[in-house]
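Subject: Structure handover and notes

Hello,

Please find the structure below, followed by my notes on it. Keep it open while you read.

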Amino acid sequence: MNEFGGDWTENKIEIIVEYAKAYLNIMNVYAVKYSWKLLYFDGFAGSGFIIKGKDENQKIIVGAAKRILEIEEPRPFDLFYFVEKDELNANHLEENTKKLYPNKNVHVVKEDCNDKIKSMSQFLTTSKGKKHKVLAYIDPCGMQLNWNSLQTLQKLSVDVWILVPTGMGVNRLLKKDSNISEAWVSRLEVFLGMEKQEILNHFYKQTINHTLFGDETIVSKEDKAIEKSAVLYKERLSSLFNFVSEPYILKNKSNSVMFHFFMASNNKTAVKIANEIIAKYNKQR
Ligand SMILES: C[S@@+](CC[C@H](N)C(=O)[O-])C[C@H]1O[C@@H](n2cnc3c(N)ncnc32)[C@H](O)[C@@H]1O
């Protein structure tokens with residue numbers, strides 16, 4: 001069972017479930033008309049259940065994978081593809097999904113999400129694959145999603161929800177004085193799909209101090225780096241997809257922003273619906 005989750009965990013799941021129902025409602029008509037198959041892809045699928053909180057405040061939440069599998073109205077998905085890298089979680093997930101729903105077409109794979117996004121993209125370009133329309137949910141706990149994996153989805157019929165660790169990930173790696181270790185720089189580069197210098201130019205400013213012994217250049221981090229990283233990621237997504245939603249903003253109990261949750265698609269109506277759902281949940285906070 002996965003052990004994580006702040007107050008946002010339930011909302012994130014409610015958002016993806018609500019969107020999935022709207023998606024199935026709209027796509028149902030076309031799926032019948034054009035013999036499309038509707039595929040649900042979950043790249044960081046977890047174990048099936050999430051443990052939230054500690055001791056007497058502990059709560060067990062049904063994970064997104066099971067919630068999506070349980071959708072019958074307006075119709076179920078034709079195919080479920082769950083990716084989970086951790087062996088124990090993947091075994092639990094198999095018990096909680098494939099074994100519990102033998103009549104549904106469920107695949108559980110113990111692999112890296114990045115590899116499976118790339119193989120799905122390849123499949124979607126084949127003549128069989130073109131008959132598949134995808135709703136994808138990318139829900140990592142950190143910065144495990146590589147930009148070059150997302151790039152492969154460009155121009156494909158995929159509506160993708162992505163949890164971006166703006167506060168939890170990007171901001172924590174951006175050290176105040178720009179003295180970032182090579183390992184962290186490389187993680188930022190792979191995650192954002194940008195070169196070191198572009199990243200530094202985006203998040204740091206230089207000021208000149210005139211001292212008695214000459215000028216000193218001071219490098220410091222720009223204010224509001226979390227918000228800046230959300231705007232940047234939205235711009236990056238807009239370079240791949242025609243439409244990107246506003247984010248659902250996930251904050252912890254101390255009101256610090258941890259993640260931004262975006263939806264990207266090549267379909268305008270899809271993003272309009274996503275924005276309506278997101279606005280509702282952002283208001284509820
Ligand atoms: C936030 S949890 C997912 C929760 C899940 N969406 C749910 O609703 O229950 C992230 C999961 O991704 C898995 N994971 C981490 N890195 C991964 C990777 N590179 N590829 C696939 N799964 C990964 C972790 O083991 C963890 O179970």
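Lys-116 and Glu-111 are joined through their side chains by a salt bridge, with 3.9 Å from N to O. The term salt bridge is used here for a side-chain nitrogen of Lys or Arg within 4 Å of a carboxyl oxygen of Asp or Glu. Lys-116 has a relative accessibility of 13% and so counts as buried, while Glu-111, at 34%, is partly exposed. On this scale buried is under 20% relative accessible area, exposed is over 50%, and partly exposed is in between (1.4 Å probe, protein chains only).

Before the rest, two notes on where the values come from. The model is predicted, so local features need pLDDT of at least 70 and side-chain atom pairs count only at pLDDT 80 or more, whereas totals for chains, interfaces and linings use all residues. Residues are numbered from 1 along each chain as its sequence is written, and side-chain values use heavy atoms, with hydrogens and water left out.

More on salt bridges

The count by this rule is 15 salt bridges. One of them links the side chains of Lys-104 and Glu-72, at 2.7 Å from N to O. Lys-104 sits in the loop between helix H3 (87–96) and strand E6 (106–109), and Glu-72 in the loop between helix H2 (64–69) and strand E5 (79–83), so this pair ties together parts that are 32 residues apart in sequence. Helices (H or I, at least four residues) and strands (E, at least two) are DSSP runs, numbered from the N terminus.

Another salt bridge joins the side chains of Glu-276 and Lys-272, at 3.1 Å from N to O. The two are four residues apart in helix H10, so about one helical turn separates them. Glu-276 counts as partly exposed at 48% relative accessibility, and Lys-272 is exposed at 52%. There is also a network of salt bridges, which links Glu-10, Lys-52 and Lys-59.

Helices H1 and H10

How do H1 and H10 cross? The axes of H1 and helix H10 (residues 268–284) come within 10 Å and cross at roughly 150 degrees. That angle makes H1 roughly antiparallel to H10. For such angles, under 35 degrees counts as roughly parallel, over 145 as roughly antiparallel, 65 to 115 as roughly perpendicular and the rest as oblique. The axes are lines fitted to C-alpha atoms, for helices over the stretch in contact, and the angles run from 0 to 180 degrees between N-to-C directions.

Tyr-34 belongs to helix H1 (residues 8–34) and is partly exposed, at 37% relative accessibility. Together with Ile-26, Val-29 and Tyr-30, Tyr-34 forms a nonpolar patch on the surface, with about 360 Å² of accessible area in total. A patch is made of residues with over 30% relative accessible area and no salt bridge; like charges are joined within 9 Å, and nonpolar side chains (Val, Leu, Ile, Met, Phe, Trp, Tyr) within 5 Å. Accessible areas come from the Shrake-Rupley method with a 1.4 Å probe, and for residues only the protein chains shown count as cover.

Backbone details

The peptide bond from Glu-73 to Pro-74 is cis, and its omega is near 5 degrees. Pro-74 lies in the loop between H2 and E5.

Ser-178 has a phi near 70 degrees, a positive value in a residue other than glycine. Ser-178 is in the loop between helix H6 (166–173) and helix H7 (182–192), and with a relative accessible area of 22% it is partly exposed. Lys-224 has a positive phi near 50 degrees, and Lys-224 is not a glycine either. The loop that holds Lys-224 runs between strand E10 (214–221) and helix H9 (225–238), and Lys-224 counts as exposed at 60% relative accessibility.

Phe-261, in strand E13 (residues 257–265), is buried at 0% relative accessibility. Phe-261 and Ile-249 are twelve residues apart in sequence, and their C-alpha atoms are 6.4 Å apart in space.

Val-185, in helix H7, is buried with a relative accessible area of 6%. Along the chain Val-185 is 119 residues from Lys-66, and 36 Å separates their C-alpha atoms.

Regards
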